[in-house]
Amino acid sequence: AAHGQGKSDYALTLLSRMTTMYPGQIEPYLLMAQLLIEEHKLNGALAAAQQALDLAPADARPLSLMGRLKREMGLTEESIGWFEKALAAQPDAVDV
């Protein structure tokens, strides 16, 4: 597991550099949040998702990610609200 952790840390380092190199781009934040969710590092994931949301408040992807995060945290009602916002932002999205 330690070997996998090293790769994960390296990925997070690269993504963090990307946020500096490409300010205003939400993709690095989305990827960071997803990686941190998979590692059950929900506070870090929440911070990254919030950054993406701040940069693109009308984009369905960070809205959906916030829904997934809230679900992971056991906040079902809050999660539903985020998923509803994501659907409203992009009604034709199948993967929300």
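Good morning. I begin with Glu-39, which is partly exposed at a relative accessible area of 21%. The model I am presenting is a predicted one.

The side chain of Glu-39 meets that of Lys-41 in a salt bridge, with 3.2 Å from N to O. Lys-41 also counts as partly exposed, at 34% relative accessibility.

By the rule applied here, the count of salt bridges comes to 4. Another of them joins Glu-27 to Arg-61, where the closest N and O atoms are 3.2 Å apart. Glu-27 belongs to helix 2, residues 27-38, and Arg-61 to helix 4, residues 60-72, so this pair ties together parts that are 34 residues apart in sequence. Glu-27 is partly exposed, with a relative accessible area of 34%, and Arg-61 is likewise partly exposed, at 39%.

Arg-61 has a further partner: its side chain meets that of Asp-59 in a salt bridge of 2.8 Å, N to O. Through shared partners, Glu-27, Asp-59 and Arg-61 are joined into one network.

Let me turn to the chain as a whole. The protein chain has 5 helices and 0 strands, in the pattern α-α-α-α-α along the sequence. Its radius of gyration is 14 Å, close to the 12 Å that the globule rule gives for 96 residues, so the chain is as compact as a globular protein of that length. The C-alpha trace spans about 40 × 30 × 20 Å along its principal axes.

Of the 96 residues, 35% count as buried. The accessible surface comes to about 5800 Å², and 57% of it belongs to carbon and sulfur atoms. Finally, the mean positions of the 8 positive and 12 negative charges lie 6 Å apart.

Technical notes: Residues are numbered from 1 along each chain as its sequence is written. This is a predicted model: local features need pLDDT of at least 70, side-chain atom pairs count only at pLDDT 80 or more; totals for chains, interfaces and linings use all residues. Side-chain values use heavy atoms; hydrogens and water are left out. Helices (H or I, at least four residues) and strands (E, at least two) are DSSP runs, numbered from the N terminus. The radius of gyration is taken over C-alpha atoms; the globule rule is 2.2 Å times the number of residues to the power 0.38. Buried means under 20% relative accessible area, exposed over 50%, partly exposed in between (1.4 Å probe, protein chains only). Accessible areas come from the Shrake-Rupley method with a 1.4 Å probe; for residues, only the protein chains shown count as cover. Lys and Arg count as positive and Asp and Glu as negative; His and the chain ends are not counted. The place of a charge is taken as NZ of Lys, CZ of Arg, CG of Asp or CD of Glu.
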